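Here is a short report on a sheet and the helices around it. Please look over the sequence and the model first.

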Amino acid sequence: MRTRISIVLLLLLVLPARAQVVTFMPHWVPQTQFAGYYVALEKGYYDEEGLTVVLDHFGGNSSETSVGKLATGQVDIVTSQLVTAMVSRDAGLPMVNVLQTSQTNGLMCAAHFPLSNPAALEGRKVGRWKVGYGEICDVFCYKNDLHVNWIPYIQGINLFVSGAVDALLCYSYSEFIQLELATGGIPRENVIRFADVGLNYPEDGLYVTEKYYNENRETVEKFVRASRRGWEYAHEHKEEALAISMRFIQDFRVMTNITLQRRMLDEVLRLQINPATGKADFAPVDEARFRDLGRTLLESGCLKHEPDYKKLIR
C-alpha cells in the first residue's frame, strides 16, 4: 500500500497541472471481463480527456472488494454489479451508477446432476463466492423455498472438480468456461441460467460515491466517455482488444490462457447487447427492471428499504 501511495504522489508531482489523476479499480483480477478499460488505457482515450488513470487490481486470493475500497476512499471509480450497489447503498454507502455495461445476467449454477427444477438443489452443498455477488441466489432460493448449504470460495473450480460441492455458482464468462475446459463439457441439463428463470437483471457497471460524483462530475463524465469508447472499440476489434488485455493480464502475473480469455471476451461482449435494441448501446438501467429487482430484493430480505432509481442511476 505504501508503494502505491508513493507512485500516486509522484504522478501528482510530475504531471501537467491540468491533468486529473483518477484511481480506478475493477472488481476482480485482470481478465477480459474488463477489456474495454484496458483498450481505453492503451489507446490513450483517457489521456485525450485530460485524465491520468491509475489502475488498481486485486490479487487472485484477495477477500477484499472494490466497493470496500470505494467506501474507504482508497479508489475513486470502480466496477461493480447493480445488485451489489443496491445492497451497499441500503447499508449506508451512497453509490452512484454512472455507466451500465452489462445488459444481461451471466449468473449460472452448474451441478454434478440434472437440474430439472430448482427443488433438485434442496439440501445440497453449493459453492458461493466469499466476496459476495450472490444475492440473486438468495432471491432464487426465496422464490423457490429452497434451503441449500452454501460453501464459500474465493475463486477457481477446484471445489467442483474435486467433488467437494454438489454444485457451483459460476458466471457464463468465467468459471463456467473454466469448468467446460477442465471437464470436457457440462451437460446442458446440469445447468441453470438465472436469466432463464425470471432473474435476468443487468450486472456490471461503473460506480462512484455520491460525494465524488457531486465534487468531480466533469471528471466522471470524461472517464465514462473514454471507457465507453474503449468498449465500442473492443466490439469492433475483438482480437486486438484480446491482445491488449493479455498484456495487462501478463503484467499482473495472472495465471490464465488465451483460449479462456478469448471465450470470456466473446461472452462479456454478448452480455452487453441490449435485448431491446439488439446492440451494445450502454443504455442506463431500465427503470422498470430496476424497480422490479428492488422489490424482489426487499421481499427476500436482502434489502431493508426499496431503492430509489433517481438516486442510484445517473
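## A bridge in the sheet

The bridge partner of Q81 is D204, in β10. Strand β3 (residues 77-81) pairs with strand β10 (residues 204-209) in the antiparallel sense, over four bridges. Two strands pair if DSSP finds at least two bridges between them. Helices (H or I, at least four residues) and strands (E, at least two) are DSSP runs, numbered from the N terminus.

This is a predicted model: local features need pLDDT of at least 70, side-chain atom pairs count only at pLDDT 80 or more, and totals for chains, interfaces and linings use all residues. Residues are numbered from 1 along each chain as its sequence is written, and side-chain values use heavy atoms, with hydrogens and water left out.

## The whole sheet

The open sheet has five strands, in the order β2-β1-β3-β10-β4, with mixed pairing. β2 (51-55) and β4 (95-100) are the edge strands, each pairing on one side only. On average, neighbouring strands are turned by 35 degrees against each other, direction ignored. Axes are lines fitted to C-alpha atoms, for helices over the stretch in contact, and angles run from 0 to 180 degrees between N-to-C directions.

Helix α10 (residues 217-236) packs on this sheet. It touches β1 (20-25), β2, β3, β4 and β10, where contact means heavy atoms within 4.5 Å. The direction of α10 makes about 35 degrees with that of β4.

## Two helices in contact

The axes of α5 (residues 82-90) and α13 (residues 287-299) come within 11 Å and cross at roughly 55 degrees. That makes α5 oblique to α13 (angles under 35 degrees count as roughly parallel, over 145 as roughly antiparallel, 65 to 115 as roughly perpendicular and the rest as oblique).

L82, V83 and M86 in α5 meet F290, L293, G294 and L297 in α13.
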